[in-house]
Amino acid sequence: MSAISVHDLTRRFGDFVAVDRLTFEVREGEIFGFLGSNGAGKSTAIRMMCGLLKPSGGTATVGGIDVGRDPEGVKRRIGYMSQRFSLYERLTVDQNIRFFAGIYGLRRDRLETRRRFVLEMSGLQSREHVRAADLAGGWRQRLGLGCAILHEPPIVFLDEPTGGVDPVSRREFWRLIDGLSARGVTVLVTTHYLDEAEHCHRVAIIHGGRLAALGTTAELKRAFHGRTIIEVHAGRPVDAMRLLDDMPDVEKTSVFGTAVHAVVSMKPGEAARTIRERLEGGGVAVTRLGPVEPSLEDVFLDVAERATQ
Amino acid sequence: MRTTNGMKALAVARKELRQIVRDRRTLVILLVLPVFFLLLYGYALNWDIRHVRIAVDDRDHSAESRSLVSAFVNSGYFDLAAAADDRTIRTLLDRSEVRAILIIPSGLGRAVRTARPIAVQVLLNGDNANTATTVMSYALTIVRSESARYQPTAAQPLVSVEPRIWYNPELRSTLFLVPGLIAYITMITAVVSTALSIVREKERGTMEQVRMAPIDAGPFVVGKTIPYFAISLVSALGIVIAAMALFGMPMRGSWLVLLLALSLFLIGALGIGLFISSVADTQQVAFQAAMLASFLPTFMLSGFIFPISSMPPFLQVVTYAVPARYFLRALRAIVLKGTGIETVWQDLAALVGFGLAVLTLAAVRLRRQWS
């Protein structure tokens, strides 16, 4: 059975369609990534799945429960942590944990074991009595996650959990997410860090409120099948780009650092040869040129672009 | 289900109390500011007038005229500041060197001894109408009692008025004002602190996190208001005790009834605070709305300073929606008159009605936002 099942989920704000007929399934124990630029509709979709926001149309079934019918039932089965997860800054680590345990209705015996688990998980054992305001961003994020899963929910929603956190803490945080998944917890996580998407079992790319692509990262990269990305290092990248854009077989070009990426609808060998001939014929000195594996960024930009058209 | 709701409300209350205790600003607003307000208003808002500077133009120079002057001075209300004559009268008043001038015509002594009516003149500076009225009534009283000394047996006017004032025999305005201050201060602190406490959670995003937990709006709101209710009650009792110690406010009635009246009034105030928090999204807006909703009606429309009976009819109707109106009447009755529940129950019932109405309104709005 799927942990999350979403069908034609739609949310309108006035004339603006924030989420447009979203349909997908998330398997139990899966880490499911929601990828999309700011304002793509990721948070709106999550808030509907959590029962925080009423859908304008469609259904979402979370943990076997229809969110539209029983949002409270869903709330008991999920953990939720948002990009601006807010602990009570004036309270200590311990007091925060106890408060959230209280509103989740944890009984005393369970509270003690869960409290110890969260402290251990977040590595805050020796800092129980530190005020949340005095914790660094990474610790705070981990404590936030801990508070969100005090009641051991089988499904966890994380809305940009690592926003504004340093790379080391981000990696640490993802270790926690992997740990949850290993214990069978389903995790739906949004991010706009593309490197984080590589941690996900499957990724959904959301663009303009719609599902633009869905699959494992490897599958998404294979969507480039039949086309090739040629990376060009040239002396005059701007001229190179202009020449490339004029070629009928080049779908599009984009700048990657000092290099230019051209998406070509040809086999790799043929594409490299054609492009080199065209550039050198046009008087642009090519330093290095060859086919590259599409990165997730290539995929993301490509998907976004096609979805816009 | 009921017990878990209670436990959840308790968890919220415990958290809120810890936050308040750690938040100096809120603590000061709740506990120190009220007494400070009381001192400020209590000493500044005072209509009793003493030590009025007076000049005397005695054109009689008799034993009787000197007796009249000393009656003025000995009353304690007047300080003899200067002697006046025809030429200085105007300048004394113009330069505000004195507030009143007593002019005793020549022939006062003779008139009194022969039992002929005679008038003395009192010139008053009317630039402050309130003060002038009060000073005039002082002067009238003194002159009247002086004149009574000379004709104790003489034919009295057919109708004589002998005013006697109850509850506040000296008509000290403090006794009238302090109950109003108690209502005013309690209202402001309770409304502001409740409104801010919920809007703060909205602003910081903790509200969203709490809404994700399986907790209803009901237990959350109840849990959040319990600490403010308790602290506001303590604070209000503090003001009552400070008013008794500092301004000699009597406490003639039952403490139990007072506690009941205070609690009912506070519930209404908390309801207003909750309602504001359901409308406002930022602390700034909430603060302004809370001040407006508590400060203005309680100050202007409760009978605190301006008597309701002398307001235009449509404003009188508005005052029915001001909880301080009922609380103030009950408070004055309990504190000054010492009357029991049998005379204040109507006001208390009105407070209950107001509390229920505003709490329902707030609950409906908050619940709608919750899901």
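**Domains and the A–B interface**

The C-alpha centres of domain 1 and domain 2 of chain A lie 41 Å apart. This is a predicted model. The domain assignment places residues 2–218 of chain A in domain 1. Domain 2 of chain A covers residues 225–293. Chain B is likewise divided into two parts, listed as domain 1 and domain 2. Its domain 1 is made of two segments, 2–45 and 172–370. Domain 2 of chain B spans residues 52–150. In chain B, the C-alpha centres of the two domains are 49 Å apart.

The two chains meet at an interface. On the side of chain A, 29 residues are in contact with chain B. Chain B contributes 25 residues to these contacts. Between them, chain A and chain B bury about 2,800 Å². Carbon and sulfur atoms account for 57% of that area. Within chain A, the most area is lost to chain B by Tyr88(A), Arg90(A) and Ile103(A). Together, these three residues supply 25% of what the chain A side buries.

Polar and charged pairs also span the interface. Seven residue pairs are in polar contact across it, with both residues at pLDDT 80 or more. Salt bridges between chain A and chain B number two. Arg47(A) forms a salt bridge with Glu208(B). The closest N and O atoms of Arg47(A) and Glu208(B) are 2.3 Å apart.

Three elements of chain A give two or more residues each to the side that touches chain B. They are helix H2 (71–77), strand E6 (78–81) and helix H3 (93–103). H3(A) provides the largest share, with five residues. By class, the side of chain A that touches chain B holds 15 nonpolar residues. Another six residues there are polar, and eight are charged.

A local site in chain B was also examined. Ser67(B) lies in helix H3 of chain B, which runs over residues 63–74. The relative accessible area of Ser67(B) is 16%. Ser67(B) is classed as buried because this value is under 20%. Leaving aside residues up to four places away in sequence, Ser67(B) touches Glu146(B), Arg149(B) and Tyr150(B).

Notes
Residues numbered from 1 in each chain as written. Chains lettered and ligands numbered in written order. Predicted model: local features only at pLDDT ≥ 70, side-chain atom pairs only at ≥ 80, totals over all residues. Heavy atoms only, no water. Helix = DSSP H or I, 4+ residues; strand = E, 2+ residues; numbered from the N terminus. Buried < 20%, exposed > 50% of the residue type's maximum accessible area, 1.4 Å probe, protein only. Contact = heavy atoms within 4.5 Å. Buried area = accessible area lost by both parts, 1.4 Å probe. Salt bridge = Lys/Arg side-chain N within 4 Å of Asp/Glu carboxyl O. Polar contact = N/O pair within 3.5 Å; in protein donor to acceptor, adjacent residues only side chain to side chain. Nonpolar A, V, L, I, M, F, W, Y, C, P; charged D, E, K, R; others polar. Domains from an automatic or database assignment.
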